[in-house]
Amino acid sequence: MQTNLTRTYRFHHQGRTVTVAPNRTTEAQNIDKDGNGYLKNDEIAFYYGLPEESKFGNNRENRLFENKFHLAGIPNPAKDGYRSFEDVEAGLKSLAKKYPEACELKVLGKTAEGRPIYALRVTADAKKDSSHKVGVVFKGLEHAREWSTAEVVFDSAAKTLEKYAAGEEDYVRRLESAELWFSPVVNADGLEYSRNVDNTWRKNRAPVDTVVNGARIFEVGVDINRNYGDGSELGNLIFRPLGDKPNHWQDDFENGNDAPWSPVYRGEFGGSEAETDALQRLELGNPNIRGVLSYHSFGESFVYPPGYHKGDVEHGDLFRRLGGKLVEAAGGDMELKTSCGLYPISGSGLDIQYINGIVGMLVEINDCFQPDPAVLSSTSERFHGANMTFVDELLKESKEGNLPERIVPDRYNMVK
Ligand SMILES: [Zn+2]
C-alpha cells in the first residue's frame, strides 16, 4: 500500500494539534509542501491563496482559522452566533405577523432540497398594490459561506419595519414612495451545508449530472453568482463569454467556468438554478424594480458594473455618485470599484440587472467569510444605513429622471 494513502496530517488549531479529516487527505497532501505531515500556517495559506499579510478588507488570521475547520472536517462553532436558515425563516414569519400593514412574506421559489426562497416585501399599505412605487431589492447569502450577509439583510428588514411602525418620519416617507424587498438567504441549502458540513462551501447544493470534455460527471453545486442570465442575446454573452465552448473547461477563465467541480461552476445555462431564476423573476419581471444591492463577503467595497468586460458603463457617473453616498453611509472606510477588476467575470447578477436598466451593485462586507459574531450588530447597523441611503438616492435620481430605462426581458415578462 502506498504510504500517502494511509498517512495522517496534522496542524495547529485553537491551541491544540488537530488531525485532518479523512476526506481532506488529498488536499492535505497538496498543502504539505515539505512532506513532513505537519501543515504549517504558511503552507495552508499558500494553498488557499491567502495573502502573506493581513490587509484592508482581508484578514489572513481569520481566513486561516476558517480554512482549518474545513481541513478538520468540523463545523465552525461561530455558527452558534449566526442565524440558521430556520431562524431566518421564523424571523421573517414573525415580522410578517407583527407588521401586517407594512409587509408581506413571499416565497419566490424552492431550492433543490426543497427549502423556500423567501423575500419580505416592505411598503406602506402593504395590502395594496405597490407596483407604481420605486422597487428596491436587498439580498444576501448567494454564496453559502458568507454568513454575515444574511444577518445584514435580515436586520435591515427588521429595523425598517420597527422604525416605520414607530412613526419615524424618514421611514414613513420612504415606505410611501418605495417598495422594498429583503431576501436574506438566497442559497438556503448552501447555508445549512456550510454551517453543518463544510464551512468553506460556496455554491448551491443542486445535483449536477453533465458531460464535460466528453465524460459524464456527477457533482454537486452551481455558483449562483455565475449563473445569472436573462435569455437575451447580451444576457447569454454575459453568462458565457464569446468563444467559450459549453461543457469544456480548458477555455475558461478563473471567474466562472464549465468544470462542475469548480467553486465557480456556472451551470448549464443562465438562470438554470432555482435560486437564480427566483431572484431574476423578482428583479427583472417587476418593471418597478430600479435598484438591487447584493450582499457578499468579504472585502469592504461597493462594486458596480461592468463585470463581464473592462471599461465603463453608460451610467458610470450615476454609479459613482450613488456609490460615493453609500461609502459615506457605511462609515467611509470602503472601496468603490467596478466588478471586472483583474479578470472579467461571467454570469454575475449586477451585469444582468444593468442591461435591463436596474442599478445593481454588489457589497462586499467584513474581512473574512465568518467573522466573530461580536461584530454582527455593528455591521448590520452600518449597512442598514447604506441600504436606506440607497433607497433615498434612487428615489431622488428617479424623480430627476436619471435612472436607466427599465427593460423586461422576454423570459421574465410575466402577465401579472
Ligand atoms: Zn459572494
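Trainee: What should I know before I start?

Mentor: The model is predicted: local features need pLDDT of at least 70, side-chain atom pairs count only at pLDDT 80 or more, and totals for chains, interfaces and linings use all residues. Residues are numbered from 1 along each chain as its sequence is written, and side-chain values use heavy atoms, with hydrogens and water left out.

Trainee: Which protein donors does the zinc ion have?

Mentor: Donors are N, O and S atoms within 2.8 Å of the metal (3.2 Å for Na, K and Ca); water is not among the atoms, so sites may look incomplete. Here they are H143 (ND1), E146 (OE), E146 (OE) and H296 (ND1), at 2.0 to 2.3 Å. The donor residues follow the spacing H-x2-E-x149-H.

Trainee: Are H143 and E146 buried or exposed?

Mentor: Buried means under 20% relative accessible area, exposed over 50%, partly exposed in between (1.4 Å probe, protein chains only). H143 has 3% relative accessibility, so it counts as buried. E146 is buried too, at 2%.

Trainee: Where do the domains lie in the chain?

Mentor: Domain bounds come from an automatic or database domain assignment. It gives domain 1 (9-74) and domain 2 (85-195 + 272-412). Their centres, taken over C-alpha atoms, are 33 Å apart.

Trainee: How much area do domain 1 and domain 2 bury between them?

Mentor: Interface size is often given as the accessible area lost when the parts come together. Buried area uses a 1.4 Å probe and is summed over both parts. Domain 1 and domain 2 bury about 710 Å², 57% of it on carbon and sulfur atoms. F56, G57 and E66 supply 67% of what domain 1 buries against domain 2.

Note on methods
Buried area is the accessible area (1.4 Å probe) that two parts lose on being put together, summed over both.
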